Amino acid sequence: MTIRFTLNGERVSTDVAPLARLLDVLRDEFGLHGAKEGCGEGECGACAVMLDALVVNSCITPAAAVDGRTVLTIEGYRTSSRYRVVEQAFSDAGGVQCGFCTPGIVMTAESILAANAAPSDEEIRHGLSGNLCRCTGYATIVEAIRLAGERIRDARA
Ligand code: FES
Ligand code: FES
C-alpha cells in the first residue's frame, strides 16, 4: 500500500507492506537513523518520534497509521530553534545520555514541553516514564527539561 505523510516538514510517499513498522520505514526507506531499535516492544523509548502532537514509539506504530499525518524525527527537530534551547539545557544540566537513548529522550522532552512549558517535576517524570536508561539516574534529565521550559517561557515573555 502507498502512504503519504509529512515527514520533517516535507510531503513524502512510499510503498509499505501492510504490517511494516514505522521505525523500519523511517530507517530503511528514508535513511533516518536517529530513532533506534532497543527493545522492539514499546518499552524503552529509543525509537520515539512525534506523530502529530504526541510522542509515539515507532517500533510498535504501523507505518500505515501515519498516512495523512505528520511525523517529526530527531533529524527534523534538530533544525528547529526549539531544539537549540532544549539541546543547550540538556548540556547545561548534564542531562545528555548516550547516543542510543538520547534521541528518544529529547523527542519526549519536546512532547512534554509542547504540552506544557511549565511542567512540574512529577509531570516531567511521568512524561519520561516510557524512556528507559539503565546506565544513570534521571535527575539531570528532569533538571534539563525544567531548565528548557524556563528558557522557553523567558523567550515568550
Ligand atoms: S525500541 Fe521502541 S520502545 Fe524500545
Ligand atoms: S541507554 Fe543511554 S545512557 Fe543508558
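A search of the whole structure, which is a predicted model, finds 2 aromatic pairs. Here, rings of Phe, Tyr and Trp (its six-membered ring) pair if their centres lie within 6.5 Å. Planes under 30 degrees apart count as stacked, over 60 as edge-to-face and the rest as tilted.

**The aromatic pairs**

- The ring centres of F5 and F30 lie 5.9 Å apart with their planes at 85 degrees, so this pair is edge-to-face.
- This pair links distant parts of the chain, 25 residues apart: F5 sits in strand β1 (residues 2-7), while F30 sits in the loop between α1 (22-29) and β3 (48-51). Helices (H or I, at least four residues) and strands (E, at least two) are DSSP runs, numbered from the N terminus.
- Is F5 buried or exposed? With a relative accessibility of 0%, F5 is buried, whereas F30 is partly exposed at 25%. Buried means under 20% relative accessible area, exposed over 50%, and partly exposed in between (1.4 Å probe, protein chains only).
- Y77 and Y83 also make an edge-to-face pair, with 5.5 Å from centre to centre and 85 degrees between the planes.
- Y77 is buried with a relative accessible area of 2%, and Y83 is buried with 13%.

**Strand β1 and its partners**

- Strand β1 runs antiparallel to strand β2 (residues 10-15), and 6 bridges join them. Two strands pair if DSSP finds at least two bridges between them.
- In the hairpin of β1 and β2, 2 residues lie between the strands, and N8 has a positive phi near 50 degrees.
- Strand β1 is also joined to strand β5 (residues 70-72) by 2 bridges, and these strands run parallel.
- Which residues does T6 face? T6 stands opposite R11 in β2, and its bridge partner in β5 is T70.

**A look at A117**

- You can find A117 in the loop between α4 (102-115) and α5 (121-127).
- A117 counts as buried, at 8% relative accessibility.
- Leaving aside neighbours within four places in sequence, A117 is in contact (heavy atoms within 4.5 Å) with G149, E150, I152, R153 and R156.
- A117 and D52 are 65 residues apart along the chain, and their C-alpha atoms are separated by 18 Å.

**How to read the values**

- Residues are numbered from 1 along each chain as its sequence is written, chains are lettered from A and ligands numbered from 1 in the order in which they are written, and side-chain values use heavy atoms, leaving out hydrogens and water.
- In this predicted model, local features need pLDDT of at least 70 and side-chain atom pairs count only at pLDDT 80 or more, while totals for chains, interfaces and linings use all residues.
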